[in-house]
Amino acid sequence: MKKFSWILAVGAVLGAWLSVTYICPSDGRITLTQAILQLSGSRGIFALGTSFTELLGFSLRLIPIWAFQALAGIRLYRHYCVASVYVFSRIPRRTSWYLRQVGSIAAWAATYQLFTMMAVIAVAAVRYELVPDDFGVRIFLLHFLVCFLWTVATTMAVNLVAVWRGSDGGFLFVAVVQAALIAAFALLNHFSDDPGLQSLIVRVNPISCLVLGWHSSKSSELSAILASPYGGIYPAFSIVYVLILCVIATVVGGVLVSRHDLLASNTETGGN
């Protein structure tokens with residue numbers, strides 16, 4: 001626990017940076033809903049666009065999540081390496097060990113995301129007039145939940161790739177995949193005359209779940225605030241989608257850990 005506690009400080013610092021960099025109301029006054037929307041790429045009342053500059057800005061907003069992926073994912077892999085030598089030789093029940101690690105990662109991811117978002121809100125409240133509104137808490141919880149699940153899923157993927165390939169390159173692979181998913185948003189520019197196809201692209205791409213401004217709501221008032229340029233993506237859809245990815249990454253990782261023997265395969269050096 002002591003080894004992980006400093007990661008929370010990283011989350012708070014990055015949250016403060018996010019707030020200073022991306023929460024910029026034009027009149028010195030901003031609602032909680034608009035502040036959270038700006039964390040997911042919105043600019044004022046406009047949702048995330050698909051120009052290179054806007055997609056780059058969205059990528060930079062994910063730096064706190066990427067930092068956790070790198071720090072926690074690699075640490076989990078190294079913990080597995082140590083366990084392979086000192087634990088699994090005496091305790092063959094790898095699944096129970098793995099599930100404890102997953103629970104630990106999930107708990108730290110939730111705490112880390114909460115620290116990051118609270119730092120964002122605290123700094124925004126100091127710099128501007130932060131106004132509570134009817135949907136602020138709901139949008140806050142949606143952003144927290146989706147980002148938390150995405151963080152867990154991708155962190156477990158970092159560990160999965162590292163165990164499979166036998167190196168700390170798992171984070172690089174997962175980061176490249178996420179960058180490719182963001183770059184795929186550029187396809188929306190080529191189908192501006194086909195809203196149905198645009199909506200399909202948005203629904204299929206899992207990282208769309210992190211763009212709150214692309215969501216719709218059954219509440220006409222909230223839908224007006226979100227002003228999504230695409231249809232067909234709702235909060236419940238995003239939560240379930242990312243949760244499924246989280247479960248898949250965890251299950252596949254569990255199967256790999258239970259069957260993979262670092263000492264026998266020697267993947268670190270490529271030998272047998």
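Phe185 and Trp214 are both buried, a label given to residues under 20% relative accessible area, with exposed meaning over 50% and partly exposed in between (1.4 Å probe, protein chains only). The structure in question is a predicted model, in which local features need pLDDT of at least 70 and side-chain atom pairs count only at pLDDT 80 or more, while totals for chains, interfaces and linings use all residues. Residues are numbered from 1 along each chain as its sequence is written, and side-chain values use heavy atoms, with hydrogens and water left out.

The structure contains six aromatic pairs; rings of Phe, Tyr and Trp (its six-membered ring) pair if their centres lie within 6.5 Å, and planes under 30 degrees apart count as stacked, over 60 as edge-to-face and the rest as tilted. In one of these, the rings of Trp17 and Tyr22 are edge-to-face because their planes stand at 85°, with centres 5.9 Å apart. Trp17 is partly exposed at 30% relative accessibility, whereas Tyr22 is buried at 14%. Phe185 and Trp214 also make an edge-to-face pair, 4.8 Å centre to centre and with 75° between the planes. Phe185 sits in the loop between α7 (170–183) and α8 (195–204), and Trp214 in the loop between α8 and α9 (220–226), so this pair ties together parts 29 residues apart in sequence. Helices here (H or I, at least four residues), like strands (E, at least two), are DSSP runs numbered from the N terminus. Together with Tyr230, Phe185 and Trp214 make up one aromatic cluster.

Beyond four places in sequence, the contacts of Trp214 (heavy atoms within 4.5 Å) include Ala47, Leu48, Thr50, Leu188, Val202 and Ile233.

His215 is likewise placed in the loop between α8 and α9, and is buried, with a relative accessible area of 1%. The side chains of His215 and Ser238 make a polar contact at 2.6 Å; this term covers a pair of N or O atoms within 3.5 Å, where within protein one must be able to donate a hydrogen and the other to accept it, and residues adjacent in sequence count only if both atoms are side-chain atoms. Ser238 is among the buried residues of α10.

Helix α10 (residues 235–259) has 25 residues and reaches 36 Å from its first C-alpha to its last, close to the expected 36 Å, the expected span being 1.5 Å times one less than the number of residues. Helix α6 (residues 136–165) has 30 residues and reaches 43 Å, close to the 44 Å expected; 23 of its 30 residues are buried. Ile239 of α10 is partly exposed at 24% relative accessibility and touches Leu142, Leu145, Val146 and Leu149.

As for confidence, the protein chain averages a pLDDT of 84, and 85% of the residues score at least 70, on the predictor's scale of confidence in each residue from 0 to 100. The mean is highest in helix α3 (residues 52–61), at 94, and lowest in helix α11 (residues 262–265), at 44. Over residues 262–272, pLDDT stays under 50. Where pLDDT is low, the predicted coordinates should not be read in detail.
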